[in-house]
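Student: I would like to know where the words used for a protein structure come from. Please go through them one by one.

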Amino acid sequence: MPNILEVDNLVKHYGDFAAVKGITFDIKEGEIFSLLGPNGAGKTTTISMLSTLYAPTSGDATVAGHSVTKAPMDVRNAIGVVPQDLALYEDLSARENLLFWGQMYGLSGSTLKNRVEEVLGQIGLVDKAKDRVKTYSGGMKRRVNIGVGLLHKPKLLFMDEPTVGIDPQSRRAILDTVKDLNKQGMTVLYTTHYMEEAEELSHRVGIIDHGELIAIGTQKELTRQVGETETLILHIGENEDPEALISAFKGIDGVLEANAINHEISVITHSAADVMAPVVTKANERGIKIHSIDIREPNLEAVFLHLTGRALRD
Amino acid sequence: MLKTLLIGIKDVKLAFRDRAAIIFMLLAPFLLTLGMGLVTGRFSGSSSSGISDIPVVIVNLDDGELAETLVDIFYSEGLADLVEPSLGTSPEAARQMVEEDKVAAAIIIPGGFTASIIPPSEMGMIVYVGPREIEIYANPTRPTSAGIIKSIVDEYLSRVEEGTVSGQTSIFQLIRSGRISQQDAEAAGQAMGERLQNTAGSEQLAITLNSSTADGEEIEFDVLAYLAPGMALMFLMYTVSYGGRSILAEKAQGTLPRLLVSPTNSTQILGGKVFGIYLTGVTQMLILIGATSLLFQLKWGDTLGVVLLVFAAVFGATGWGMIITALARTPAQVGSVGSAIMLIFGILGGSFISLDQMPTYIQTISRITPNSWALDGFTTLALGGTLSNLSTPITALLTMGGVLFLASVLLFGKKNLVQK
């Protein structure tokens with residue numbers, strides 16, 4: 001499939017601060033590409049440059065053949081944007097919001113009306129279409145936010161962390177919507193700091209940290225970077241100090257990495273079965289009670305940890 | 001162009017769905033107008049005029065023709081509906097009537113008033129009496145009525161002075177040219193004095209109670225015709241700053257960045273926001289005019305004049321809304337500054353106190369406000385003027401709006417509406 005997005009060494013500086021330090025990647029038509037990284041990694045800045053909101057300090061990108069620096073208006077016609085923060089008029093109804101934004105994208109007349117009804121159906125808000133957005137739940141507002149991005153049937157949809165701050169049910173609905181859109185042929189650039197979302201949705205993932213794209217590929221390609229490993233997840237009590245255990249675990253033969261997030265200790269190893277007994281023994285020696293142990297196959301969290309030495313989420 | 005209109009219409013819709021904005025745009029000016037109407041007695045009695053039958057007592061201590069003429073003016077048919085004069089004999093008693101709130105003012109014409117203007121002659125000599133001033137003892141609880149009495153007297157005195165100066169000049173010129181001798185100057189002066197008396201006593205005063213519309217209908221002066229526009233114009237400044245605030249509010253709430261990533265350029269967006277402010281202001285003014293016309297039977301005057309004046313006034317005010325927004329950084333700043341400007345312009349512009357009662361330098365400063373120009377225009381229309389009488393205020397308002405708009409565009413150009 002041809003590339004719908006080609007990013008070439010995009011850089012963005014704010015004064016002395018380099019928010020994006022020269023990223024290069026492509027997205028093929030029809031795929032879901034996730035940009036995965038922690039908060040402050042440069043995901044939103046990247047999307048803002050690609051959507052022509054910010055001018056790059058240097059570098060360029062082309063969307064459906066149009067340069068973001070030289071032909072921004074053509075780029076805007078080709079893309080849909082679902083921003084991280086809700087961008088709706090709360091005193092207008094969902095239908096009024098969609099009608100207005102559709103007009104901003106050049107739709108009019110019966111084409112606009114029909115398309116608005118179609119999108120209301122897609123986002124599941126036909127019955128509430130006449131109510132003002134300010135009466136909606138957070139999840140419903142997010143759905144309208146997505147609906148606005150779909151109105152003009154863009155070639156490429158940018159979704160910037162669309163599930164932040166919403167309930168699990170609404171989150172599930174959004175992820176299903178993304179998959180449905182993709183089945184209908186929509187290409188999606190999806191940014192997130194949730195590994196599970198990237199794993200569930202994406203054909204390919206780009207891992208971004210401190211403004212740099214540190215890894216890119218399919219999930220299999222990425223997890224292969226950490227080798228044939230497994231991860232032991234130990235759940236300890238809230239009053240226990242995990243740091244005391246980590247240095248002890250690192251001394252065990254077969255343990256590659258050990259890290260703690262809150263009261264969950266991750267131990268990366270080639271064979272979980274070989275290290276389980278010594279790990280439990282070390283915990284008992286220090287009087288730390290282990291509530292439960294899980295074994296996980298390599299995932300993007302592990303990849304991130306392997307590449308940066310830090311957890312994906314603080 | 002279409003997107004500009006659509007953005008503007010969207011903003012009008014949002015403004016009229018904001019309950020707080022509705023209170024300030026419509027309810028507050030309407031209720032204040034109603035309150036002022038009640039205070040001035042506009043709604044009591046069968047007359048539609050709030051100012052009529054102003055009680056005034058006149059004490060004439062002079063036995064001259066000019067004093068008699070002034071008294072006759074107050075008893076003339078032309079002022080029959082406006083004033084209710086009575087004659088007093090004692091200045092002290094007249095002042096007492098003012099203090100007891102029985103009259104709006106006492107006019108005390110001192111002895112020797114006529115002689116001070118038309119010097120008598122005795123044994124062939126012209127006797128100069130020296131200046132004599134008419135005292136107007138005004139009732140402070142009836143400032144409007146007292147102001148009207150004062151205006152009538154002032155108008156009379158200005159005619160007297162005009163006639164006096166022209167008379168004196170004429171006599172001196174006649175003497176210098178040798179056309180009359182000094183001995184004949186007295187007779188010439190007396191003749192001019194008689195003509196002066198007739199001129200000053202002319203019934204055609206600058207203050208006329210009645211005037212006609214183009215249809216020949218008589219218009220009665222309505223105090224609400226001054227108060228209602230004053231209130232509407234003051235709260236118009238709230239509307240334009242509210243609209244300006246929405247520009248920065250959209251930046252904060254994310255809809256402005258969303259507009260900027262749609263195929264809509266900055267000019268269309270800014271133009272749309274400005275159009276929205278303008279349209280909201282025009283709608284507000286027309287609703288207030290319609291409501292006061294319907295409910296208070298307020299006659300605003302010539303319809304075309306009113307509509308075009310509204311368009312010009314809102315244009316001038318919108319310029320101020322834009323400049324405030326261009327200088328502010330946050331919606332809250334626009335809100336605070338806008339509220340302050342609303343009150344200051346209301347006071348300076350004559351919404352509370354007639355500009356005529358303010359010092360000259362304040363009247364000059366007031367010309368930076370759209371309120372003062374527009375209020376001039378609305379008062380002219382209410383007193384029977386037409387569009388042809390509005391060229392000065394409309395030109396001033398359009399110029400004000402144009403200059404401020406250009407300045408704000410330059411400032412917006414330097415300011416990033418989103419970080420770039």
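Tutor: What follows sets some terms against this model.

Tutor: This is a predicted model, in which local features need pLDDT of at least 70 and side-chain atom pairs count only at pLDDT 80 or more, while totals for chains, interfaces and linings use all residues. Residues are numbered from 1 along each chain as its sequence is written, and chains are lettered from A and ligands numbered from 1 in the order in which they are written.

Student: Why are β9(A) and β10(A) said to pair?

Tutor: Strands are DSSP runs of E with at least two residues, helices are runs of H or I with at least four, and both are numbered from the N terminus. Two strands pair if DSSP finds at least two bridges between them. Strand β9 (residues 204-209) of chain A and strand β10 (residues 212-217) of chain A have 5 bridges in the antiparallel sense, so they pair. A:Asp209 stands opposite A:Glu212 in β10(A). The two strands form a hairpin with 2 residues between them, and A:His210 in the turn has a positive phi of about 50°.

Student: What makes a set of residues a nonpolar core?

Tutor: The members are buried Ala, Val, Leu, Ile, Met, Phe, Trp, Tyr and Cys residues joined through C-beta atoms within 7 Å. Buried means that 20 or more other C-beta atoms lie within 10 Å of the residue's own; with 12 or fewer it is exposed, and in between partly exposed, the C-beta atoms being placed from the backbone. The largest such core has 159 residues, and A:Phe158 and B:Leu236 are among those that touch the most other members. Helix α8 (residues 224-253) of chain B gives the most to this core, with 17 residues. Apart from this core lies another, of 33 residues, including B:Phe74 and B:Ile149.

Student: How do you know that chains A and B are in contact?

Tutor: Two residues are in contact if their C-beta atoms, placed from the backbone, lie within 7 Å. By that rule 19 residues of chain B are in contact with 20 residues of chain A. α9(B) gives the most to the side of chain B that touches chain A, with 5 residues.

Student: Which part of α11(A) is buried?

Tutor: In helix α11 (residues 300-308) of chain A, the buried residues include A:Leu300, A:Val303 and A:Phe304. A:Gly309, with a positive phi near 75°, follows this helix.
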